2 protein chains.
Amino acid sequence: MSAALEVAGEGRAFRATDPRTGAFVGEEFRVTTPEQLDAAVSAAKAAFPAYTALPPATRAAFLRRIGQELEAAREKIVETATLETALPAVRVGSELTRTVNQLAMFAELLESPAWLDARVDLGDANRTPSPKPDVRSMRRGLGPVAVFGASNFPLAFSVAGGDTASALAAGCPVIAKAHPSHPGTSAVVAEAVLRAADAAGLPEGVFAIVFDDGIEMGEALVRHPGIKAVGFTGSRAGGEALTRLAVSRPEPIPVYAEMGSVNPVFVMPGAAAARAKDLAEGLHASFTLGVGQFCTNPGVVFVPNQDTASELVDRLTRLTRGTPSAAMLNAKVCQGYVRGLEKLERAGAKRLASGVSGEGPNEGTASLWEVALADLEEDPELLGEVFGPSTLLVRYGSPEDLLAVAERLEGQLTATVHGEPFELEAGTPADALLQVLVDKAGRLIVNQYPTGVEVGPAMVHGGPYPATSDGRSTSVGTRAIERFTRYVAYQNFPEHLLPAPLKRG
Amino acid sequence: MSAALEVAGEGRAFRATDPRTGAFVGEEFRVTTPEQLDAAVSAAKAAFPAYTALPPATRAAFLRRIGQELEAAREKIVETATLETALPAVRVGSELTRTVNQLAMFAELLESPAWLDARVDLGDANRTPSPKPDVRSMRRGLGPVAVFGASNFPLAFSVAGGDTASALAAGCPVIAKAHPSHPGTSAVVAEAVLRAADAAGLPEGVFAIVFDDGIEMGEALVRHPGIKAVGFTGSRAGGEALTRLAVSRPEPIPVYAEMGSVNPVFVMPGAAAARAKDLAEGLHASFTLGVGQFCTNPGVVFVPNQDTASELVDRLTRLTRGTPSAAMLNAKVCQGYVRGLEKLERAGAKRLASGVSGEGPNEGTASLWEVALADLEEDPELLGEVFGPSTLLVRYGSPEDLLAVAERLEGQLTATVHGEPFELEAGTPADALLQVLVDKAGRLIVNQYPTGVEVGPAMVHGGPYPATSDGRSTSVGTRAIERFTRYVAYQNFPEHLLPAPLKRG
């Protein structure tokens, strides 16, 4: 069966839409049928034992080969993704590079055995009062993993993105659920993965893709008894729905849902005064980047209500006013953004500035809002995520007042503090604030911006609920592999039956 | 406030029962009130930041001091626990030693920074196309943890047991829920922990105990917003109820429930023939140990249906017949055991032998049962756990027939294969069987027995659902600490605000 055939659904037809025009683009896709889904998961289940037992070097070669196949298809991928998502070609191109680099990072991780956490605890027959058994253990893949593509990262968090790369690295077959907004991009990427699997001589079933323009096939995937874990990046409603499904299965399974947050930024008075221009430009760039369609978008910025912050607020207002609108990822995202702005308005937030609105059905126009700190107590909804190029300035009197609001924050992916050196000494309000924020966020940032998630060994892209459904984990960086593994112990095994990393030789 | 006062409830009174006589023993205890519970969790929440920021050496000293306080109270602990659980004094004494050793193991773990998985990824301002930020990360405690005491391990899995030791080591305050079967033991142990906390100069609230003779206070504990994780060892019904509560909270939290399993043992034909005596004695000792009240009790043993296994079965039958009964942990456990035996009988299992029944209200009498492999297909209930000194022999024709039943097994804490060397070569049915079992159990054992869980760095006491609610984790061994931690990243932090393990100096 050719790779192209393997990715085709057989159910009802649907097409992608160009968000800039609202017109259909690209070829027709068909929804995966329940029979196809069952066959894909069954094949993944059958492939798992052989795939997970492969030498890590073989899996590493597979991951690198996926990267090569993606590079070979770069032109088509960038063209298709640009059309389906309205993201600029430059951004899509750099996201593709990131995707290839992520695959290479996990390949490299596999080449060192450290990730397995292999432990050998030798026995001692002469120990009293009881002999000590020989116990060895290491990580092992959980089994087939369902990965849901994200609308805002058609490559880095989609079919061959971080969840897929880390699950495949962990020894888990992957069934990717294509995001309905970018089926064409998903198909091209899936074909690249299937070609790589073929070239690496992998068992059939290590990878498959599922299409749907609704939610039925995604739900069926999470409910399928052959699926052992779920990776998801998207809305809170979507992540919570999948988590509810997963925990109500006869055999509950872990769901790693990255659901976003408001990523609060706290600007200390000294920083607001001393770095008004830099802060205004940095914050503006961060909250409007990619039409604000990032999970790490700074949605709330705490700024002093004194004159010292006037220049910062004025500059931010002017920058926002001059920001041209751009098409958002799809109609649903755009409608959600408009509803989010309406919610801010209803809650009494003052609109400081709107960007330049363009033509087109799905334009997202930048928006800057302001409230007083006290307003948050009356309406905690003000701290809800607005997915798009909007941010809410919360004007505070004294940095000490920020502690109470920080205590009440929900879990966040990131939390940021900007301060001058003297404001960041031990014992300062900023220090106290960071000590509260450390239990609220997966990543704390000082004097930088939350957007732009570095892919590396130390990154934590996670955070307490509701930023994610599992605040113990990260979906970016090498530790992401741990999500798809469990520990297994081997007691008193003959050497030749042990997995290679647990042999003494 | 004295330690004694801090452990006293203020609600309705209840008392422990001597399982041997059914008579009340020990002093009167009072159920913790909702107000007391709230105060305890609030104090734990308040204590968390300071406690988790302590140098690891201070937490290590605290854990060792708990051990010393337990040793100082050894006589009282053994006396009380023996009375409340009917476990022999020798067993209780060795369990106390294990408990002290576990605390010391986590103290030692804290003295090496490896458990933190601290990572420092230095920045590079000159990287293109974008500067690389400085990102550092490590594990951090989740916050206050609720630990539920287990009836069958009044020390090692109760108030100062493995869950408490690992949570305290991770930097998490602990609220222990005393098991209603052994309130006296729980109180003595809690007082020891409180004395140790006092001696170590810890903030108030690092440890508290909650009493209840019902389930209300345990449920209230899991629902309390200040609680960030739950450790539990007990029944499947209990573990599942707590997990349901935890996932339906406004902020869901992880539950580590160890719910037990049947721990299948597969005896290959050659081993049955060559080691009939050893196997009979080993299996008998394992399934009757502690009146069969172990999570790792071998509840199902697959034995050939050929003559080669006759001696093994005959010996096992005789050993079972000669086994004196003993009082079980409490009336509920004993009633559950009786119901389990009735279920085996109804399902058509043949009773090969019963032990010697003694006098007393809660006696557990050893019981040996037999079915044919084909019977399992008709009634999968035969593979349900019977908590007590019972085991079911499943007679099979050919080792190849075992693969299908292994494929259908639920998740298990352990799975064991006994075989002669020639039966354990690569490519044998036993090898194929182990390759199926590796995805069914947390610990695979060859030619030893599942009871007797070694406490060490490589142990995995866990397993896929329903053996536990979180098959990625272990509740025994040093890795148990990971359950109560999350990763936190620090980006672009000034050196002096970083936690010590992330500083470069």
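Guide: Welcome! A definition to start: two residues are in contact if their C-beta atoms, placed from the backbone, lie within 7 Å. Keep in mind that this is a predicted model.

Visitor: Which elements do the buried residues of α16(B) pack against?

Guide: They pack against β10 (265-267), α15 (402-408), β17 (412-418) and β18 (441-446) of chain B. The buried residues of this helix, which spans 429-437, are B:A430, B:L433, B:L434 and B:L437. Looking down the axis of α16(B), you find them within an arc of 100°, so they line one face of the helix.

Visitor: How many residues of helix α6 of chain A are buried?

Guide: Eight of the eight, so this helix (residues 162-169) is largely enclosed by the rest of the structure. Among them are A:G162, A:D163 and A:L168. The cover over α6(A) includes the helices α3 (56-72) and α5 (89-110), along with the strands β5 (145-148), β6 (174-177) and β8 (229-233) of chain A.

Visitor: Now for the two chains. What rotation superposes chain A on chain B?

Guide: The general idea is that two copies of a chain are related by a rotation about an axis and a shift along it. Here the rotation is 180°, with 0.0 Å of shift along the axis and an RMSD of 0.0 Å. The two copies are thus related as by a two-fold rotation axis. In chain A, the C-alpha nearest that axis belongs to A:V247, 4.0 Å away from it.

Visitor: Why do we say the copies meet through the same surface?

Guide: Because 100% of the interface residues of chain A are also interface residues in chain B.

Terms used:
Residues numbered from 1 in each chain as written. Chains lettered and ligands numbered in written order. Predicted model: local features only at pLDDT ≥ 70, side-chain atom pairs only at ≥ 80, totals over all residues. Buried ≥ 20, exposed ≤ 12 C-beta atoms within 10 Å, placed from the backbone. Helix = DSSP H or I, 4+ residues; strand = E, 2+ residues; numbered from the N terminus. Least-squares fit on C-alpha atoms with pLDDT ≥ 70 in both. Arc of directions from axis to C-beta.
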